[in-house]
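Work through the exercises below with the sequence and the structure open. Try each task before reading its solution.

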Amino acid sequence: MPTLKVVELYPSPWSERLRWVLDWKGARYERTAYQPIAGEEEHRRTTGLSTAPVLFADGAVIGDSNAAVDWLEDAIPAPPLLPSDAHRRATVRAWEIAAAETMAPAARLVAIGKWKALDLQPIANHFATKYGWSPDVEARADALLRRFVSDLARALDRSPYLVGDGFTRADLTVASMLSTVVGIPGDDLFELDAGMRPLFGLPLGDEPALGTLRPWRDAIYRRHRGRRVQPAG
Ligand SMILES: N[C@@H](CCC(=O)N[C@@H](CS)C(=O)NCC(=O)O)C(=O)O
């Protein structure tokens with residue numbers, strides 16, 4: 001196995017998704033912190049990417065969380081996180097793309113509006129520029145997000161797993177990305193400075209109709225995270 005290194009933004013759901021896959025596969029890996037704003041230019045020069053996480057194998061850039069989790073599934077097939085059945089596998093990928101490429105970015109746009117209202121600078125303006133925030137963009141993201149999480153909350157009533165009858169990357173990815181809507185898991189599951197916690201989650205996450213989201217996410221963490229999440233030592 002090559003030497004693996006992750007450049008991470010510790011509390012970010014995309015970094016958490018990649019760490020979870022690495023931990024589930026029993027991989028050993030080094031961790032380095034990505035510094036938003038100050039470290040961005042250097043990060044882009046060395047990785048070709050402007051976001052975290054980035055996975056390196058023997059110094060070579062594997063990619064962002066999407067590329068990295070696929071690379072890990074090929075490099076370390078057992079225990080599997082993707083079903084072998086083609087239809088189920090495509091369904092896992094559809095959930096992943098919906099959560100990582102639409103739900104969480106939409107929730108981030110709504111959060112940026114909240115940070116701007118609170119004047120949490122320089123992070124609010126940095127993220128607003130980088131992710132194309134405007135009041136109209138936020139309103140469209142909010143409407144799409146509400147429709148998606150409402151269906152998700154209802155789907156979770158039926159089964160503890162999103163695809164088939166076992167844990168897959170769909171559960172892992174949706175559970176990671178839900179921190180943008182219902183907040184980071186509690187301190188028993190995910191260590192985080194109390195001051196950082198209000199940056200995650202939206203008032204939407206506390207609406208009664210979405211009441212299944214947090215308990216489902218926490219149960220998936222308890223059953224399948226395998227460890228308490230902690231910053232690099
Ligand atoms: N497609 C990427 C998305 C990752 C992403 O959006 N990362 C954000 C998390 S907020 C980031 O690094 N933001 C820091 C910044 O923009 O400076 C992936 O799957 O890894």
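The model is predicted, so local features need pLDDT of at least 70 and side-chain atom pairs count only at pLDDT 80 or more, while totals for chains, interfaces and linings use all residues. Residues are numbered from 1 along each chain as its sequence is written, and side-chain values use heavy atoms, with hydrogens and water left out.

**Exercise 1. Describe the shell around the ligand.**

Step 1. The shell has 18 residues, of which Tyr34, Ala52, Ser65, Lys130 and Tyr131 come nearest.

Step 2. Sort the shell by class: eight residues are nonpolar, five are polar and five are charged. Here Ala, Val, Leu, Ile, Met, Phe, Trp, Tyr, Cys and Pro count as nonpolar, Asp, Glu, Lys and Arg as charged, and the others, Gly among them, as polar.

Step 3. Look for polar contacts (pairs of N or O atoms within 3.5 Å). A polar side-chain atom lies 2.6 Å from a ligand oxygen atom in Ser65, 2.8 Å in Tyr34 and 2.9 Å in Arg108.

Step 4. Turn to the area: the ligand taken alone exposes 510 Å², and the protein buries 92% of that. Accessible areas come from the Shrake-Rupley method with a 1.4 Å probe.

**Exercise 2. Which elements give two or more residues to the shell around the ligand?**

Step 1. Helices (H or I, at least four residues) and strands (E, at least two) are DSSP runs, numbered from the N terminus.

Step 2. The elements are helix 3 (65-75), helix 4 (86-117) and helix 5 (123-130). Helix 5 gives the most, with three residues.

**Exercise 3. Describe how strand 3 and strand 4 pair.**

Step 1. Two strands pair if DSSP finds at least two bridges between them. Strand 3 (residues 54-57) and strand 4 (residues 60-63) run antiparallel and are joined by three bridges. In one of these strands, strand 4, Ala60 is the bridge partner of Ala57.

Step 2. The two strands form a hairpin with two residues between them. Asp58 lies in the loop between the strands, and its phi is near 50°, a positive value in a residue other than glycine.

**Exercise 4. Locate the cis peptide bonds of Pro79 and Pro122.**

Step 1. Most residues other than glycine have a negative phi, and most peptide bonds are trans.

Step 2. The bond from Ala78 to Pro79 is cis, with omega near -5°. Pro79 is in the loop between helix 3 and helix 4.

Step 3. Gln121 and Pro122 are also joined by a cis bond, with omega about 10°. Pro122 lies in the loop between helix 4 and helix 5.

How values were computed. Near = heavy atom within 4 Å. Polar contact = N/O pair within 3.5 Å; in protein donor to acceptor, adjacent residues only side chain to side chain.
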